Amino acid sequence: MPKLTIDGIEVDVEAGLTVLQACESIGIEIPRFCYHERLTIAGNCRMCLVEMERAPKPVASCAMPVGEGMVITTNSPAVKKMRQGVMELLLINHPLDCPICDQGGECDLQDQAVGYGLDRSRFMEDKRSVKDKTFGPLIRAMMTRCIHCTRCIRFSTEIAGVPEMGATGRGEHMEVGTYIEKALTSELSGNMIDLCPVGALTSNPYAFNARPWELKKTESIDVMDAVGAAIRVDTKGPEVMRVLPRLNEDVNEEWISDKTRFACDGLKRQRLDTPYVRRDGKLEAASWDEAFAAISAKVKDMDGSKFAAIVGDMACAESMTALKDLTEALGSRNIECRQDGAKLDASCRGAYLFNSTIAGIEEADACLIIGSNPRVEAPIINARLRKRYLMGGFPAAMIGENVDLTFSCENLGAGTDTLKEIAAGKHAFSKILKKAERPMLILGQGALMRSDGAAVLAMARQIAEDNGMISDDWNGFNVLHTAAARVGGLDLGLVSGGVDSILDGCSSGAIDTVYLLGADEIDTDKLGNAFVIYQGHHGDVGAHRADVILPGAAYTEKNATYVNTEGRVQRARLAVFPIGEAREDWTIIRALSGVLGLTLPYDNLDQVRQRMLDINPVFGGDDQQTGGAWGDFGKAGSLDGGGFASPIINFHMTDPISRASETMAQCVEALLGEDKGKTGTDG
Amino acid sequence: MSTTVEQPADFKFSAENKKKLKGIFAKYPKGREASAVMPLLDLAQRQHQGWLPRAAMDHVAELVGLAPMRVYEVATFYTMYNLAPIGENHLQVCTNLPCWLRGSDEVMGTCKKKLGIDVGETTEDGKFSLSEMECLGACVNAPMMQINDDYYEDLDEASTAALLDTLQSGGTPTPGPQNSRKGCEPEGELTSLKDSKGKADA
């Protein structure tokens, strides 16, 4: 461990660290623009210059490895002057347009200019200006403001794995951009906005909407996919202005996907803000009492077995608990959370979790992906896989569609035939899995949604067991979910005969009343003549078919529990209140139970959470990943032929919120060149 | 820049150049094919009338296994890669200090006057393009200009005009000093080392 002296303080630091990191370790702040902990070192902004004894010139601390006996000074007049000089040079070509720049108030350049710069400019010549570029609908580029730190270039090349950004030209004429005008195609591109230390890359949908000091910041959890990324919801009055990532090393590090970040404008459109009741075939606004009365009239003396409930992809554990209790109180067992028809097995927790954990991917040394496209199903997990790949020694292969996952991943075949070969140990990749110490597999919903899903699940379990993926200190069997509600639903035991049996029951008349808790991804035509109660926040597919609509709260509008694909219990927090007459979801079901004379035994959030805990103790572990028990799950059987296909065809529109989002519609248009979501009468 | 240029849809190396590719790749260790990006771009430029269309850069990127963006970065960094159509004869006049002291203004002026174009422009017949260069490292024979791959040195108004006339008529002028000098020996006769005749003094 090298020992060095920084500003007269002796420190022992790990070899291989940089001087900048050593300074940080004892709380000395070094200003920087280009240096970023998660990116490679560029050393081109020069802001981090420090003095080093016996060095003739100042050294860039971000790029200087620590050495034994180094003497570093960061607070001398010389260092102060260096910083002023660098700051002056950086500001030479930076426009003085802070009042009209969206980065104002959260700008590194602004802050550091105040902290380390001079109070006036000596530069009298013309500033350089750069023609504006287009990076697609998400990022607003004002490249005149760019200080060439190259963070965005390094991010797109290293983290996102889509090397579209670059620096063209040189010297005075260097420009950061894509060279060819086009929309960025990475699912993580929005993170460049956070990385940009100046206002060159800012959020396009958020442009000129608010200043950071006007915003109320609420720490919460994302529900756009099953990753459960840590987010911060910024609100102004009753409006969600933007969503930003929060640091969570175990889940999303500091990245979030573009859908997480930009779909929030969907929270303002197509909202259900009042109850509706269908009268004479037309949905009409109603009061809560009228809506409950309509349900009561239908359900009250009904045979319980004729009642069924389907839970959607964004339902919170609280509302699922309440709905489960209500369903049971009505005398029915037909409650189903596997809305997409995946043949997930709830018999043991290990059967449906991402057991290795997301951070655990970095410990794996071989990977087999079955019927999943993590790049669109969970971009954050894909970024982690890529990170592991870049560390080296990570042979990866996939069975399913041949897609570009941004890292080297061999396509072994399209479907079940290849899976059988691997299971039999006959495939060349089996050898790699056998040899690996910590192999992992990722089983996607695309493989489980098929009619032979249970057999695929059993075969995947067999592959995991045969190839040493299951041991005392390692579980490499991973199910990648696409819905934020799914693991919570399985933990609460919301499984019955499957969503198909409920829909078939509706068609045949065996089921008379269906309660859809935000379930929009089902084929509503199959609901037949059933009486449909829809509780949710958006006027999407389910609401269109409903006979009674109960307006609920979106994920930013309630204190709610979600369990991510790893089995990590996390709490989303209320950032704004539900719109209009809408209420927090569990309270709606609780109120309805009262009207039906089946009052559920909880009156506040704590009591609901206690009830969740009674059903499954995992809900006690706040922000904790609890490993799952292993068991004999899946149902061995014959496999149908054919290939696996990812359930997500269109990354930008997967749920009621992103389907209502204008920003996401623009992305679809820009990237897929389709006019999905357009009615033909707009624009 | 690139947006205003009409780009061909496709680029492929000719059969002859494909053979050369092998030789170029052989110069670099296995697994380091990306190092061949610059000679390949040069080869592509020579095949494609002296300029690099985007399709050629994309093709080179594919051959060397780089992201297209990385190749654009290289091609835009170096001024010897032309990203827009260029005249048959690319007149690159050095205007740095030694050439300027020795009369590069005359050379440049003659080019402009005779061809009727300014720096950065191409004649209508597509025969000449004129560029202003930073030091090309031939100060001993200043003033000079580079035409395509060759240096033409010790220029003045008359010899520049003569050069342009030869090129205009389709001929190839002899590279090197355009006066009586031999290489970079002194004008007239040798002024030193007269007796040594190539041998070191005893």
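Visitor: How many helices and strands are there in chain A?

Guide: Helices (H or I, at least four residues) and strands (E, at least two) are DSSP runs, numbered from the N terminus. In this predicted model, chain A has 21 helices and 29 strands. For chain B the tally is 7 helices and 5 strands, and their order along the sequence is α-α-α-α-β-α-α-β-β-β-α-β.

Visitor: What conventions apply to the numbering and to the values?

Guide: Residues are numbered from 1 along each chain as its sequence is written, and chains are lettered from A and ligands numbered from 1 in the order in which they are written. Because the model is predicted, local features need pLDDT of at least 70 and side-chain atom pairs count only at pLDDT 80 or more, while totals for chains, interfaces and linings use all residues; side-chain values use heavy atoms, with hydrogens and water left out.

Visitor: What does the radius of gyration of chain A agree with?

Guide: The radius of gyration is taken over C-alpha atoms, and the globule rule is 2.2 Å times the number of residues to the power 0.38. For the 683 residues of chain A, a compact globule would have a value near 26 Å; chain A has 27 Å, which agrees. The C-alpha trace of chain A spans about 90 × 60 × 50 Å along its principal axes. For chain B, the corresponding box of C-alpha atoms is roughly 55 × 50 × 30 Å.

Visitor: Which domains does the assignment give for chain A?

Guide: Domain bounds come from an automatic or database domain assignment. In chain A, these are domain 1 (3–77), domain 2 (92–208), domain 3 (298–342 + 494–625) and domain 4 (355–480). Chain B is divided into domain 1 (15–77) and domain 2 (89–177), with C-alpha centres 29 Å apart.

Visitor: How many residues of domain 3 of chain A are in contact with domain 4 of chain A?

Guide: Contact means heavy atoms within 4.5 Å. By this rule, 7 residues of domain 3 of chain A touch 10 residues of domain 4 of chain A, and the C-alpha centres of these two domains are 32 Å apart. Buried area is the accessible area (1.4 Å probe) that two parts lose on being put together, summed over both. Between domain 3 and domain 4 of chain A it is about 600 Å², with 54% from carbon and sulfur atoms. On the side of domain 3, the touching residues are 1 nonpolar, 4 polar and 2 charged. Here Ala, Val, Leu, Ile, Met, Phe, Trp, Tyr, Cys and Pro count as nonpolar, Asp, Glu, Lys and Arg as charged, and the others, Gly among them, as polar.

Visitor: What area do chain A and chain B bury between them?

Guide: The area is about 1,200 Å², 60% of it on carbon and sulfur atoms. In chain A, Arg170(A), Tyr179(A) and Ile180(A) lose the most area to chain B, together 54% of what that side buries. The contact involves 14 residues of chain A and 12 residues of chain B.

Visitor: How many residue pairs are in polar contact across the interface of chain A and chain B?

Guide: A polar contact is a pair of N or O atoms within 3.5 Å; within protein, one must be able to donate a hydrogen and the other to accept it, and residues adjacent in sequence count only if both atoms are side-chain atoms. The rule finds 5 such residue pairs between chain A and chain B (both at pLDDT 80 or more). Strand 7 of chain A gives the most to that side of chain A, with 3 residues.

Visitor: Where is Arg38(A) placed?

Guide: Arg38(A) is in the loop between helix 1 (19–25) and strand 3 (49–52) of chain A. The side chain of Arg38(A) makes a polar contact of 2.7 Å with that of Glu249(A), and another of 2.7 Å with that of Glu254(A).
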